[in-house]
Amino acid sequence: MSMCCFQHVGVLCLYGNNVMQRESIGFTDGASTQSKDTVVNNAIRLDGVEVKASRNSKELSSGVPVRSFDRNRIAQLGITDFTDAVNRMPGVVVRDYGGAGGMKTVSVRGFGAQYTGVSYDGIMLSECQNASIDIARYSLNDVSSISLTLGDGNDIFVPAKNSSSASLLEIQTMDRKEGMTALLKLGSFGYVNPFLSYKKRISDKLFLSVSAEYTYSENDYPFTLENGEIKTRERRTNSQMNSAHGEINLFWNISKYSDVQGKVYYYDNNRELPGIVRYYTDLSDENLHDKNFFSQLKYNIFHADKISVKWLGKFNWASSEYRNGLYKDGSLDATYWQREAYSSLCVLYNPCRNVSFDYSIDYSYNNLNSSKETDQKPYRNTIFQSITAKYQSDRFTAIARLLHSKYINNVRVAEAEPAKNINRFSPSISISYRLLKEMPWYVRASYKNIFRSPTFNELYFYHYGSTDLLPESTNQINVGFAMSNGVKTESEINYSFTLDAYINNVSNKILAVPYNMFVWRNINVEKVHGKGIEASLNLEKDLNKKHAINLNVSYTFQRIMNASNEHSQYYKYQIAYTPKQFGSVSLGWNNPWVNVVTHVIASSNRWTNNEHYDGTCIDGYVECGLSFMRTFTINKSSIDARLDIKNIFDKQYCIVAKYPMPGRAFMLSVAYKY
């Protein structure tokens, strides 16, 4: 197994064998650094120390399933973009509306996209309007790692809000390796993506990172339209996108006890929205212009007397401007604005070698207003508090957490009725045990209770929302096994394997139902029961000093059933857009000439509704791809060249009904790194 090498910029405090690790971690080449180690108050302070660990060690030893990709593994698997990376994780289904500009949301283990929280460099992203984060706006160009935690992870020194979702997708960008990267991607259907990044250590204490990228795509891919026995070849229309994104990151190592990390982020995407393909027309003249700005700050204080403190703050602003040219009176046009002010305080206490406690309190203010005359101008104050206890020995880890959530809802329109306030406690517990002292073989089990508060759209949207809604409540149970043969050796096949079984139950499911042709309402009626099995396998073998092969497999079987009414003919039908089986396979060959990766993603059929009416089944699909990669070294710089062929057999399929996915496509990327 290849090894990941981490450089800790700052302090690592060791209490006996118990390690409290600073957040400020950057990926490095493995170049050693000099340090001046001192001993103060029985704690060892290490400057610039390197810690080498197995890439999968955190995934294996965690009490809950954790899936993660770092930069090396992203290349090893032939992953082409952010959506592709998430699709390779067991238990994850991405709802994709087609092409470069289509919206993409994440569903984990049959839970809707609203149950997946997304954090960006340690602070949660916000979406109070519909609670679904569009992962299409994030790229891999400057990502250090991606991880998905199903439940509450082993790191307890986190904001309380991070525990408020059924699963958490974490995006990490802030590495601290000096250099400049200039990258250009050119692809089929008019795809152009230049990217520029510059990272510089200004002084011993300051590190600056600046990055910017632009994406343009016509997205006018061909597809076959079928109407009975008649087939015609068409091209996707109204699919153009113009997207830009930039951010500035600053790291300030104040002292051996404290540091500050800051980020300023801006995103702008002006895109056309392709319409549903109906027989001989996919007529659409819709446009969506999204803008998002946020700034965030993290202040860490690490003390040698067993207490550490973390403060986080964030301001977020987003606008969404929708225009529909088919309605010349502008009756459907609307602009929405949302804002968030967020703050969190976390306190970690290590009373002894094996025991630690964390208390975290978060506050956020969210509001939403629009250009619609029916706008009620809702706003919400939210308070999260969590207390967590952790016991960890050489072979056993146990974590228990209690989360308290308080939502205070109100509106600014005097005659409007605000939604009900919510006040809930949510417990969780996880355990992990190492079966053999000599080998990293683990068994694990976890339970988590969590709920989802109704979104502003579900509560207040005209002719759709209902302020009487109750929050959805969920229970998650997971048992699993994880194993590896540990440190990589040249004489054997290196492996890691995970197997998890789970049960999920959702009550008070929010469902939109029609009262008449013009009025819909959200109501609490539906129950969903889910159960499934997930497995992953990684094999690596060095054939000799210059050649190696690696195999990565993931598989999921799940039954996510409608359990609302046992007397209904639709009882225990698979819920909409949820396949029973899906998975991925990749096979890579590393060699001195051109590294080659072939990869396959497959899914069984799905239904567009919970009733499985005739004609609403979406066929399963198998998509294959090829990646070719080569790095050229020139003095202190390098050039990375890569060619990707997506959907090499030109398979036509849909993930969302009537939104055909692109067929065969090519992507060429060249990156200069100095």
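Here is a close look at Phe 82 and its surroundings.

Analyst: This is a predicted model: local features need pLDDT of at least 70, side-chain atom pairs count only at pLDDT 80 or more, and totals for chains, interfaces and linings use all residues. Residues are numbered from 1 along each chain as its sequence is written, and side-chain values use heavy atoms, with hydrogens and water left out.

Start with the whole chain. The protein chain has four helices and 40 strands. Helices (H or I, at least four residues) and strands (E, at least two) are DSSP runs, numbered from the N terminus. Of its 674 residues, 52% count as buried. Buried means under 20% relative accessible area, exposed means over 50%, and partly exposed lies in between (1.4 Å probe, protein chains only).

Now zoom in. Phe 82 is buried, with a relative accessible area of 1%. Which residues does Phe 82 contact, leaving aside its neighbours within four places in sequence? They are Ile 135, Tyr 138, Ser 139, Leu 140, Ile 146, Leu 169 and Ile 171. Contact means heavy atoms within 4.5 Å.

Take Tyr 138 from that list. Phe 82 and Tyr 138 form an aromatic pair. Rings of Phe, Tyr and Trp (its six-membered ring) pair if their centres lie within 6.5 Å; planes under 30 degrees apart count as stacked, over 60 as edge-to-face and the rest as tilted. This pair is tilted, at 6.3 Å centre to centre and 55 degrees between the planes. Phe 82 lies in helix α3 (residues 82–87) and Tyr 138 in the loop between β12 (123–124) and β13 (145–150), so the pair ties together parts that are 56 residues apart in sequence. Tyr 138 is buried too, at 8% relative accessible area.

Phe 82, Tyr 120, Tyr 138, Tyr 265 and Phe 294 form one aromatic cluster. Over the ring of Phe 294 sits the charged end of Lys 314, 4.3 Å from the ring centre. The test for this is NZ of Lys or CZ of Arg within 6 Å of the ring centre and within 35 degrees of the ring normal.

Next, the core. In soluble globular proteins, nonpolar side chains tend to be buried together. A nonpolar core is a set of buried Ala, Val, Leu, Ile, Met, Phe, Trp, Tyr and Cys residues joined through side-chain atoms within 4.5 Å. The largest one here has 28 residues. Phe 82, Val 86, Val 92, Tyr 138, Ile 146 and Leu 169 have the most contacts inside it. Among the elements that give two or more residues to this core are α3, β13 and β14 (167–172).

Finally, look at β13. Six of its six residues are buried. In a regular strand the side chains alternate between the two faces of the sheet. Ser 145, Ser 147 and Thr 149 point one way from β13, while Ile 146, Leu 148 and Leu 150 point the other way. Strand β13 also has partners. Two strands pair if DSSP finds at least two bridges between them. Strand β8 (residues 66–70) runs antiparallel to β13, joined by five bridges. There, Val 66 stands opposite Thr 149. Strand β14 pairs with β13 over six bridges, again antiparallel. Here Ser 145 stands opposite Gln 172.
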